[in-house]
Amino acid sequence: SVVLGNLPLGLGAAGFGWRAFPERVEGARALHLDARGGVLLSAFVVVGLVGVGSIGPWSLPAIAVGGVLAWAYWRHAGRVEDPVLARRHVTGAAYRRFNLAAVGALAAGLGADSYLPLYLRGARGTSESFAAFSVLWLSIGWTSGSFATSWLRDRIGGRRRVAGGGAVLLGGLVG
């Protein structure tokens with residue numbers, strides 16, 4: 001029901017966004033769609049989520065397949081002109097600290113999202129509603145951060161935005 005509820009919102013946003021696309025700039029080079037890279041990254045995400053989504057018989061094989069897919073994408077990204085995710089955006093000096101903070105925040109968020117309701121429900125004996133409410137703030141924070149980032153995109157330069165976001169992220173991790 002969550003997905004179905006978001007479907008009309010997504011379609012409406014796509015409709016508004018499609019009308020807001022700028023016109024093609026004369027002399028701009030054509031956009032190359034990296035379909036193979038998109039498939040590799042999508043498969044990596046799906047397999048990775050299966051691997052870490054719950055502990056079960058498919059976890060280790062899924063993580064291993066995810067590692068192979070990540071390696072295949074890394075090789076692919078080094079061979080094409082316009083990859084979906086350029087290597088420099090993962091390993092470049094300007095993004096290194098931000099990426100490490102993002103990985104830490106994602107790990108902390110996934111850990112809290114998985115462990116906190118389980119702990120509250122199983123060990124503390126709280127209600128299902130209370131356990132679900134415990135992760136509400138992760139969803140609110142993620143959504144608020146997305147809105148703030150999109151609003152700041154046109155108002156603050158990239159380096160300052162990344163540094164500020166990294167500082168907020170680090171504060172959230174410590175908190």
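**View 1. Helices α2 and α3 cross at roughly 160 degrees.** The axes of α2 (residues 35–53) and α3 (residues 59–79) come within 8 Å in this predicted model. Axes are lines fitted to C-alpha atoms, for helices over the stretch in contact, and angles run from 0 to 180 degrees between N-to-C directions. The angle makes α2 roughly antiparallel to α3, a term for angles over 145 degrees. The crossing is left-handed: the near helix is turned anticlockwise from the far one by less than a right angle.

**View 2. Residues of α2 meet residues of α3.** Contact means heavy atoms within 4.5 Å. From α2 come R36, G37, L40, L41, A43, F44, V47, V50, G51 and V52. From α3 come S59, A62, I63, V65, G66, L69, A70, A72, Y73 and H76. These residues divide into 14 nonpolar, five polar and one charged. Gly counts as polar here.

**View 3. The chain has eight helices and zero strands.** Helices (H or I, at least four residues) and strands (E, at least two) are DSSP runs, numbered from the N terminus. The C-alpha atoms fill a box of roughly 65 × 40 × 35 Å along the principal axes. Buried residues (under 20% relative accessible area, 1.4 Å probe, protein chains only) make up 14% of the 175 residues.

**Notes.** Residues are numbered from 1 along each chain as its sequence is written, and side-chain values use heavy atoms, without hydrogens and water. Because the model is predicted, local features need pLDDT of at least 70 and side-chain atom pairs count only at pLDDT 80 or more, while totals for chains, interfaces and linings use all residues.

Terms used. Angles under 35 degrees count as roughly parallel, over 145 as roughly antiparallel, 65 to 115 as roughly perpendicular and the rest as oblique. Buried means under 20% relative accessible area, exposed over 50%, partly exposed in between (1.4 Å probe, protein chains only).
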